[in-house]
Amino acid sequence: DMEDTDVYVIGLKDGNIRHLTTQPMYSLHHANAYQLNKDEIIVDLCEHEHNALKEYLTVENLFNPPATADWKHIPENEFARYKINLATGNITRSTFDNKLNSVFANMFDFPMINEQHRGKEYCFVYGVSMVDYTRTAIVKKDVCGTTSDKVWYKENHYMSEIWFFPSPKATTEDDGVLMTIAFDGEAQRSYLMLLDAVSLETIAISYLPQNVPWSAHGMHFPEAQF
């Protein structure tokens, strides 16, 4: 039997620790968290089946992906919101509408937000959705509604983790540019791609002089000097 998930809430000012529990769940990456009021905390995260990585990265599976994608929705793999109530000790889970009716829209990982909204109320999270190894898409999720949900997908093109760069004079949270390194499976070449973070329309693509293996968890340091 699966055991409950332990949740620890630590007060940054006084160091007070609260131990709570909620339903069993498995997550690798958190998108954002913020305090709604004195008693309520919001945590948004990417969830997966508890055994999601058990065989996903085996050499046999990596070299022999399914010939056709199984376009099915997996509830355990949805992007989810947890509301922690410190007054009652209750933790509630909810998910988001999928009015695009896209298998990618609510199942994604490697979440990226506008860092100016880290630890604050926010509306937009971006991520990479992967279906059966062979289909990857970039997702824009509107957590304040569903009117701005977007999906960028191209057959036989493989996305890596994305980065968000706000516009210098941004007037909205999603006013900026997304950057990713992708692989064109048909041309067998890697390329750098820039997307409009509002519309997910392509701004520019530049093929690279060498192929770049799929990667994750890079970081941009604008102050670096080379």
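# A guided reading of the predicted model

Helix H1 (residues 59–63) supplies the largest share of a nonpolar surface patch, namely three residues. Helices (H or I, at least four residues) and strands (E, at least two) are DSSP runs, numbered from the N terminus. The model is a predicted one, in which local features need pLDDT of at least 70 and side-chain atom pairs count only at pLDDT 80 or more, while totals for chains, interfaces and linings use all residues. Residues are numbered from 1 along each chain as its sequence is written, and side-chain values use heavy atoms, with hydrogens and water left out.

The patch consists of Leu 28, Leu 53, Leu 57, Val 59, Leu 62 and Phe 63, which together have about 620 Å² of accessible area. Such areas come from the Shrake-Rupley method with a 1.4 Å probe, and for residues only the protein chains shown count as cover. Patches are made of residues with over 30% relative accessible area and no salt bridge, like charges being joined within 9 Å and nonpolar side chains (Val, Leu, Ile, Met, Phe, Trp, Tyr) within 5 Å. A salt bridge is a side-chain nitrogen of Lys or Arg within 4 Å of a carboxyl oxygen of Asp or Glu. Leu 53 lies in the loop between strand E4 (40–48) and H1. Leu 53 counts as partly exposed because its relative accessibility is 41%; buried means under 20% relative accessible area, exposed over 50%, and partly exposed in between (1.4 Å probe, protein chains only).

The strands may be considered next. An open sheet is formed by four strands in the order E3-E4-E5-E6, with antiparallel pairing; two strands pair if DSSP finds at least two bridges between them. Strand E3 (26–35) and E6 stand at the edges with a single partner strand each, so one side of each is left without a neighbour in the sheet. From one strand to the next, the twist averages 25°, where axes are lines fitted to C-alpha atoms, for helices over the stretch in contact, and angles run from 0 to 180 degrees between N-to-C directions.

Within this sheet, strand E5 (residues 79–85) and strand E6 (residues 91–95) run antiparallel and are joined by five bridges. Lys 83 has Thr 92 in E6 as its bridge partner, and Ile 84 has Ile 91 in E6. E5 and E6 form a hairpin with five residues between them, and Gly 89 in the turn has a positive phi of about 80°.

Another open sheet of four strands has the order E7-E8-E9-E10, again with antiparallel pairing. E7 and E8 pair over two bridges in the antiparallel sense, and the partner of Met 112 in E8 is Tyr 126.

The cysteines complete the account. One disulfide is found in a search of the whole structure, a disulfide being a pair of cysteine sulfur atoms within 2.5 Å. Cys 123 and Cys 144 form this link, with their sulfur atoms 2.0 Å apart. The pair joins distant parts of the chain, 21 residues apart: Cys 123 is in the loop between strand E7 (109–112) and strand E8 (124–131), and Cys 144 in the loop between strand E9 (135–142) and strand E10 (150–153). Cys 46 has its closest cysteine sulfur in Cys 144, and the 16 Å between the two sulfur atoms is too far for a bond.
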